[in-house]
Amino acid sequence: MDTHQSLKEVFSHLKARNLSAAISALEAFLSVHPHQVNSDRLHALRTDYQLMADYWKRGFKDPQLPSLYQVLLQRMYVLCTNISKRYGIEHSSFLSSIYLRLHMTARDWSPQNLREELETFVSEMALLDLEPENKRETKSQELYRQHQHQMNVLFDYIYTSDIWTDGIAGAMEEILLSPTVDANDQQMMVSAVMLSLLEHFDMAKFRTLIHVYEQATDEKVRQRALVGWVLAIDSEAASIYPEQIQLVEKLLEDEHCRQELVELQKQIIFCINAEQDTRTIQKEIMPDLLNNQAFRMTRNGIEEVEEDPMEDILHPGEQEHKLEQVEESFQRMLNMQKQGSDIYFGGFSQMKRFSFFNELSNWFVPFYIHHPAVAEVLGKTGQNKFLQMMMEKGPFCNSDKYSFTFAFQQVVDRIPQNMREMLERGEASINEMPTEELKSPTYIRRIYLQDMYRFFRLFPQRTEFVDPFSTEGLRYLFFADPVFSETHLEPSFNEITAFLLKQKRTREAALLLANYGEARRDFQFWMMAGYLTQHQPKGLKAPVQDYDDLQCYAKALELQPGHERALVGYAKALFSRGRYAEALDTYNQLMAIRPEKKSYCLNRAVSLTNLGQYAEALKDLYRLNYESPEDQNVSRVLAWTLVCEGKYEAAEKIYTQLLAGDVQADDLLNYGYCLWFCGHIDEAADCFHRFLKETGATPEYILQNEADLLKEKGITEPEQQLMLYIL
C-alpha cells in the first residue's frame, strides 16, 4: 500500500536514527494533512527532544542519553506508524469500509472484554449438553453464527489496529495462550496479527507472536505464530527496536527452532512454485488422466462411459496400457505432493468466487463443520460420508476444503444415482492422510502456508496487502535477511542454498550466499559461489563481492587441494579467460584423478588445440573418436583440430557428416573456415552466409573470431576484405 512520500521519508530518517530530520518530515506531512491530536503529540516529542539538546549543550554528560534517545525514536516510530495506518485506511475504499463497520458497532474492544466474550462462547457451547435434544441443534447453530460474526469483526479490528502498547500486547498474549479460549479463535487472531505486522512493524505484536510460538500448547496456533514472526521480521527496524534481534537470537539457540526454520524456508519456496507445478500438472499429467477416464461431462452432468466390447478384440491389451498410464500419472502427482508441491492450487484457484471468500477473515479461518456457511451446505446435502471423509482426512488446506464443500453442493444433484449412493455411504476412496501426519507440525505449517498463498494470490482486494510471497521483496527468502547472518542458523545456510540450486532458483541462492558471515565461508560456500558466478544471468551482481568464479574456485582449492569438482570449475574459469596453458595443467590433474573420464580428455585436447599443440591434441582425439564414433562433440573438436593442423581433406569428411545431421551454427562457421583455407571460396562464403543468418552476427565477426588463425594460415588483409565484400 502506497503512503504519502513525506511519510516514507519519516520512516527512512527513523531507520537511519536521524530523529531531527524525521520530526521535520512529519511536520511537513501534517501541514498538508492537519490533525490536531497528532500535531499535539508531535509537538510534545519535539519539546522533549529540544530539552535533551539544551541539556547536552550545557556540557552535562548524561549516561542515560543513549537510552533516552532510543525512547524518543520509538515514540516517533509509533506516532508515524499510526498516522500512516490511518492515512492508508482513508485512501482505500476497501479498508475504509472495514474501518467504518468496526466503528458502527458499540463493541468494547478492551482485551478484558474480548477475553470474556471468547470464554463465554466456550462456556455456552459446553452447556449445550444440558439443553433438550430438540432445541440443542438450533441453539448450537445460532451460537456459532453469532460467534463467527464476532470473530470476523475481531479479525478486522486486529488487522487495522494501531501500534499496541505493552499492556495491550500482554493481555492479548494471555488470550492467545489461554486454555479457556477456543483454538480456532486463537488461530484467526494470530493470522490477523501477522497481516497487521506485514503492513507495519510493531514491536509489541512481534513480541507477542514470539511468545506464542514459544509457549502455545496447541500446535496449529504455534505454527501460525512461527510463520507470522518469521515473515514479519524487519531488519531495518532493528535500529529502532534492537529487542527484535535479541528475541530472534534467543530463539535460534534452540535446535528444534532452527530445524523448523529450515523446513519453513523450503515450504515457502514450494508455495511460490505453485503456478509452475500447476502448468506441469495441466500440460503433462492431466491429459493422461482425462483421456483415459471412465466418465464424461455432459450438459446434464456426469455420465459413465460404457465399455465397447469390440475394443478387447481390436486392441487387446489397450485397456491395461491405459490403466498403467493413469496409475503412472497419478503416482507422479502424488510424488510431487510428498516432496512439498502444492498440487491442488491450480484446480481450487477457480473455486474462490463463492460469496464466502468476500469476507477477509474467511481466508484464514480453520475449517470446521459448524461454520455457518458449511452448516448450511450440510443441511442441504445431508450426512454425506464421502464429504465428511474429504473434510476430515483429505490432503487439502482449509481454504480448499471450504471451496470443495460449496462446489460439492452445486454438483451433487448432477452426479449419477449409483455414484451418489456410493458417496453417501462413503464407499468411494480418497487419498486419505494418515492421522499422525495430519497432526505433525510440518503438515500443519504447509497447510497454513497454502491458505496464505491462496489469499495473497486470489483475494479480490489482494493489492491492498503486503504480499510476503512476492519475489520483488525478500520476505519469502527470510534466510537471506541480515537478522540471521552470523547466528546459530548459519550452519543451515548451505542446506538451503543447495536446495535453491536444485530448484533452479539461482537468484535466490546468490542472495543467500551474500548473507553468509566471513567465518562461515567454507569449502561448500566457495563451490556454490563459483558455480553461481559462472551461471548467473547477465546483469546480476556476483554473489560474493569482489570475487569472480576463478577466485571462488581458487579459494575452494585452498581449503581442499586437488578436489575434483573444484578443479573442474577452476579449469572452466581459466579456459573462459583464454588462459589455456593453466587450463591444460588443471585438466592434466583431472586426467590423473580419472583418466577414463571422456570430458576431461576432450577438454584437455581443446586446450592443446588453442595452444597450437595440434599433434598432441590429435593423439587424444583419434583415440576418443575410435572409442566413441557416434559422439558428435568429439567429432567437432577433431574436425577443428584437423583444420588448424592443415589436414583439410580429413576435416571436410567429418564436417560433411556433421552437416548431414543436427546442424549447429558453429559447424557452419568452422566448416566455412576449412573451405576458405583450402581455397573453396564460394562454398566457404555459402557456409558463412548460413551462419550469419542463423545467429544474426555481423560479417565482421567472421574475421574477428579467428583473427590469429587467419593470419597463421596466410589469409591476407585484401583477401579478408574481399570476403567481407562477398558476404
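The model is predicted, so local features require pLDDT of at least 70 and side-chain atom pairs count only at pLDDT 80 or more, whereas totals for chains, interfaces and linings use all residues. Residues are numbered from 1 along each chain as its sequence is written, and side-chain values use heavy atoms, with hydrogens and water left out.

Asp54 forms a salt bridge with Lys57, the closest N and O atoms being 3.8 Å apart; the criterion is a side-chain nitrogen of Lys or Arg within 4 Å of a carboxyl oxygen of Asp or Glu. Both residues belong to helix α3 (residues 36-57), where a spacing of 3 residues separates them by about one helical turn. Helices are DSSP runs (H or I, at least four residues) numbered from the N terminus. Lys57 is exposed at 60% relative accessibility.

In total, 41 salt bridges are found in the whole structure. Arg454 and Asp400 meet at 2.9 Å, N to O. Because Arg454 lies in helix α23 (residues 441-458) and Asp400 in helix α20 (residues 398-411), this pair ties together parts 54 residues apart in sequence. Both Arg454 and Asp400 are buried. A further salt bridge joins Arg636 and Asp667 (2.8 Å, N to O). Here helix α32 (residues 632-645), which holds Arg636, is tied to helix α34 (residues 665-677), which holds Asp667, the two residues being 31 apart in sequence. Arg636 and Asp667 are likewise buried. A network of salt bridges links Glu219, Arg222, Glu260, Glu263 and Arg445.

The structure also holds 51 aromatic pairs, defined by ring centres of Phe, Tyr or Trp (its six-membered ring) within 6.5 Å, with planes under 30 degrees apart counted as stacked, over 60 as edge-to-face and the rest as tilted. One of these pairs, Tyr77 with Tyr241, is edge-to-face, at 5.6 Å centre to centre and 80 degrees between the planes. Tyr77 lies in helix α4 (residues 65-90) and Tyr241 in the loop between α11 (219-232) and α12 (243-251), so the contact ties together parts 164 residues apart in sequence. Tyr77 is buried at 3% relative accessibility, as is Tyr241 at 8%.

The search for disulfides (cysteine sulfur atoms within 2.5 Å) returned 0 across the whole structure. For Cys687, the closest cysteine sulfur, in Cys674, is 9.2 Å away, too far for a bond. Cys687 is buried at 4% relative accessibility.

Notes
Buried < 20%, exposed > 50% of the residue type's maximum accessible area, 1.4 Å probe, protein only.
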